[in-house]
Amino acid sequence: MARTPIGSLTSPWGFNHQKLTSRVVTFDRMIADRAMANEFGCEDGDELYRIIRYRYRKNQPYILEYAYYERNEVPFLPVDVLHESILEFIKTEYDVTVDSSDQYVGIEPLSPEAASITGFPQGDRYITLYQSHYRKNNVLFNFSKTYYLDRGTRFYFHAINQS
């Protein structure tokens with residue numbers, strides 16, 4: 001029996017890919033500490049790029065993203081790339097692509113810092129996505145924590161059983 005589609009993936013009410021705009025809040029280098037290593041799976045002492053972006057869809061708050069890139073895997077990130085797809089730049093510039101990902105979804109309260117950036121009340125609960133991206137040979141090159149601020153956000157998951 002054929003599957004019945006949920007809806008068009010490109011319809012205005014479906015799962016289309018709308019262009020996001022970004023306000024870069026922070027772009028700097030940092031050293032991962034033990035707490036970060038425990039939370040994201042990097043190594044204590046790893047040198048990282050830290051990028052905090054407040055992203056908008058149709059001029060409305062959409063996500064607040066805390067992204068980290070391993071500097072030994074991504075040696076240089078130009079500022080202008082931060083407003084677009086960082087992963088696309090990394091693919092083009094360094095031939096590094098996501099081979100596998102770990103993704104954890106939960107509902108968490110906004111931290112004091114996130115509330116300060118967004119202007120939303122501290123403690124309000126939002127869908128939160130933790131991602132770790134690996135290139136070939138299971139080498140971590142990017143990890144992030146993203147608050148989804150648009151309460152109307154819909155998610156699409158597709159899985160293939162490889163066994």
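1. Leaving aside neighbours within four places in sequence, Ser 100 is in contact with Ser 132, His 133, Tyr 134 and Asn 138, where contact means heavy atoms within 4.5 Å. Ser 100 has its place in strand S4, strands (E, at least two residues) and helices (H or I, at least four) being DSSP runs numbered from the N terminus. Ser 100 and Ser 132 stand 32 residues apart in sequence, with their C-alpha atoms 8.5 Å apart in space. Ser 100 counts as partly exposed because its relative accessibility is 29%; buried means under 20% relative accessible area, exposed over 50%, and partly exposed in between, with a 1.4 Å probe and protein chains only.

2. A word on the basis of this note: the model is predicted, so that local features need pLDDT of at least 70 and side-chain atom pairs count only at pLDDT 80 or more, while totals for chains, interfaces and linings use all residues. Residues are numbered from 1 along each chain as its sequence is written, and side-chain values use heavy atoms, with hydrogens and water left out.

3. For the overall picture, the secondary structure of the chain comes to three helices and six strands, which follow the pattern β-α-β-β-α-β-α-β-β when read along the sequence. Of the 163 residues of the chain, 40% count as buried. Among contacts between residues at least 6 apart in sequence, 55% join residues at least 24 apart. The chain exposes about 10,300 Å², and carbon and sulfur atoms supply 50% of this area, with accessible areas taken from the Shrake-Rupley method with a 1.4 Å probe and, for residues, only the protein chains shown counting as cover.

4. How many salt bridges does the structure hold? There are eight salt bridges, each defined as a side-chain nitrogen of Lys or Arg within 4 Å of a carboxyl oxygen of Asp or Glu. Side chains of opposite charge can pair when their charged atoms come close.

5. Asp 150 forms a salt bridge with Arg 57, and the closest N and O atoms of the two are 2.8 Å apart. Here too the pair links distant parts of the chain, since Asp 150 belongs to the segment after strand S6 (139–148) and Arg 57 to strand S2, 93 residues apart. Asp 150 is partly exposed, with a relative accessible area of 25%.

6. Asn 142, in strand S6, is buried, with a relative accessible area of 3%. Which residues does Asn 142 touch, not counting those up to four places away in sequence? They are Ala 67, Tyr 68, Tyr 69, Leu 87, Gln 131, Ser 132 and His 133. A polar contact of 2.7 Å joins the side chains of Asn 142 and His 133; such a contact is a pair of N or O atoms within 3.5 Å, where, within protein, one must be able to donate a hydrogen and the other to accept it, and residues adjacent in sequence count only if both atoms are side-chain atoms. The side chain of Asn 142 also reaches the backbone oxygen of Tyr 68, at 3.1 Å.

7. Thr 128 is found in strand S5 (residues 125–135) and counts as buried, at 1% relative accessibility. Residues up to four places away in sequence aside, Thr 128 touches several others, including Tyr 104, Val 105 and Tyr 147. The C-alpha atoms of Thr 128 and Tyr 147, 19 residues apart along the chain, are separated by 4.6 Å. A polar atom of the Thr 128 side chain lies 3.1 Å from the backbone oxygen of Tyr 126.

8. Val 105, in strand S4 (residues 100–109), is exposed, with a relative accessible area of 53%. Together with Phe 155 and Phe 157, Val 105 makes a nonpolar surface patch of about 310 Å². Patches are made of residues with over 30% relative accessible area and no salt bridge, like charges being joined within 9 Å and nonpolar side chains (Val, Leu, Ile, Met, Phe, Trp, Tyr) within 5 Å.
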